[in-house]
Amino acid sequence: MPTVAPLDLESHCIATAWLNDIPHFALADGVVHRLDNGHKWTEVHDGLLAACPDVDRARLITGGEDGRVTALAADGTVETLAEISRKWVTSVAAGPQGAVGFAVGRNAYVRFADGKQREFQHPRSVEGIAFAPKGMRLAVARYNGATLHFPATDGKPTELEWAGAHTGITFSPDGKFLVTTMQENALHGWKLADGKHMRMAGYPGKVKSFSWSAKGKWLATSGAPAAIVWPFQAKDGPMGKAPLELGTRGDTMVTQVCCHPTEEIVAVGYGDGMILAGRFADQKEVLLRRQGNGAITAMAWDDDGRRLAFGSETGESGVVDIAG
C-alpha cells in the first residue's frame, strides 16, 4: 500500500504543484503551504482564485481576488507580476519564454518576461486561458467558442465558434487539437489544421478537470463516476472512437484527474476523497488513498512520477508516495 503523508489545512485547495521538488498547496484563503523540511507557508493573496506552475516548475503563478498576479518561488519569495485594481483575476496560465497569461472579466492579458504587457478584449467574459505548447499563441475560452491570439505579433485572432458557454481550455501536447470544457455536460474540440469539430458528450456531470497523458495520446477527464479517457492517437482525435473508463465507482463522481509524467497511468480523485491510479493498457487499478473528508480538488505528480500531491475542498491535503 502506498504511504500517505497527511497535511490538514484550513481552506479549499485550489491547486497543488511541485516547485524544485517541494510540494506546494495553494488554498482559496490566499495562503500557499509547502512541505519543505517541515510545514511552511506564505500569504500570497487576499483570496486566491487560480494557480499553476510555470513551464520549468520553478515558480507558482497565482491570481487573486485582490487583482494581483504573482510568482511564488520555492523559497517562499513572492514577486508581483501585475496588478489590476479592484478586479478579480479568475484564470492564470504559464507560457513560453517566461510569459504569463491571466484573465480579468472580459479581458485576457499576456505579460512577457521583460515586463511588457498586452491586453485582449472580448465581448463576453474570459472563462479560461491556455498557451500553445510551441510558439506564442494564447487560447481563450468564451461564450460560443474559443479565440486564438498571437501576442507577439499584430496578427488577427482566430475565432473558433461553437454555441454554448465554454469554461476551460487546453491544447494537446503536440499543438494539433484545442479542447474546451463546457457549461453543459460535454467537451468540445477543434482540429486546428482544418477547424474540424470534435464533440465529446454523454457525461452525467460537468467536466471540471482534464489531463493529457505523457505523450499526448490520451485526454483524461472528470465529470462521471469513472475517469473518461479519450484517445487522441488518430489524425482526427477521438471522433468515432469510444473512450476508456477507468476507476468506475457506481455511487461517487470523479472530481479530479492527473496523468503520470512518464507512464500511461492516471491518478483519479473522487468526491469522497478517495484516490485510485488506473493504467490505460489493461485498466488495472491501485488504491492510493482511502476515503477522506471532502472531494479531491487538486493533484500533481512530482517529476519522477513517484509522489502525488493532493488537496481537497475541506483542506485535507497530503503527499502519496507510491513507492511506499
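**Exercise 1.** In which loop does R86 lie, and is R86 buried or exposed in this predicted model?

*Solution.* 
Step 1. Find the strands on either side: R86 sits in the loop that joins strand 9 (78-83) to strand 10 (91-94).
Step 2. Take the relative accessibility of R86, which is 78%.
Step 3. Exposed means over 50% relative accessible area, so R86 counts as exposed at 78%.
Step 4. Look at the backbone: phi of R86 is positive, about 55°, although R86 is not a glycine.

**Exercise 2.** Where is N20 found, and what is its phi?

*Solution.* 
Step 1. N20 belongs to the loop between strand 2 (13-19) and strand 3.
Step 2. Its phi is near 50°, a positive value in a residue other than glycine.
Step 3. The relative accessible area of N20 is 54%, so N20 is exposed.

**Exercise 3.** Which residues form a negative surface patch, and is D29 exposed or partly exposed?

*Solution.* 
Step 1. The patch is made up of D8, E10, D29 and E43.
Step 2. Locate D29: the loop between strand 3 (22-27) and strand 4 (31-35) holds this residue.

**Exercise 4.** What does UniProt list for residues 261-322, and how far apart are the end C-alpha atoms?

*Solution.* 
Step 1. The UniProt record, an unreviewed entry, gives these residues as "domain: Anaphase-promoting complex subunit 4-like WD40".
Step 2. In the model, the end C-alpha atoms of residues 261-322 are 14 Å apart.
Step 3. For secondary structure, the span is 55% strand and 0% helix.

Notes:
Residues are numbered from 1 along each chain as its sequence is written. This is a predicted model: local features need pLDDT of at least 70, side-chain atom pairs count only at pLDDT 80 or more; totals for chains, interfaces and linings use all residues. Side-chain values use heavy atoms; hydrogens and water are left out. UniProt positions are given in the numbering used here, feature names are shortened, and annotations may be inferred rather than shown by experiment. Helices (H or I, at least four residues) and strands (E, at least two) are DSSP runs, numbered from the N terminus. Patches are made of residues with over 30% relative accessible area and no salt bridge: like charges are joined within 9 Å, nonpolar side chains (Val, Leu, Ile, Met, Phe, Trp, Tyr) within 5 Å. Accessible areas come from the Shrake-Rupley method with a 1.4 Å probe; for residues, only the protein chains shown count as cover. A salt bridge is a side-chain nitrogen of Lys or Arg within 4 Å of a carboxyl oxygen of Asp or Glu. Lys and Arg count as positive and Asp and Glu as negative; His and the chain ends are not counted. The place of a charge is taken as NZ of Lys, CZ of Arg, CG of Asp or CD of Glu. Buried means under 20% relative accessible area, exposed over 50%, partly exposed in between (1.4 Å probe, protein chains only).
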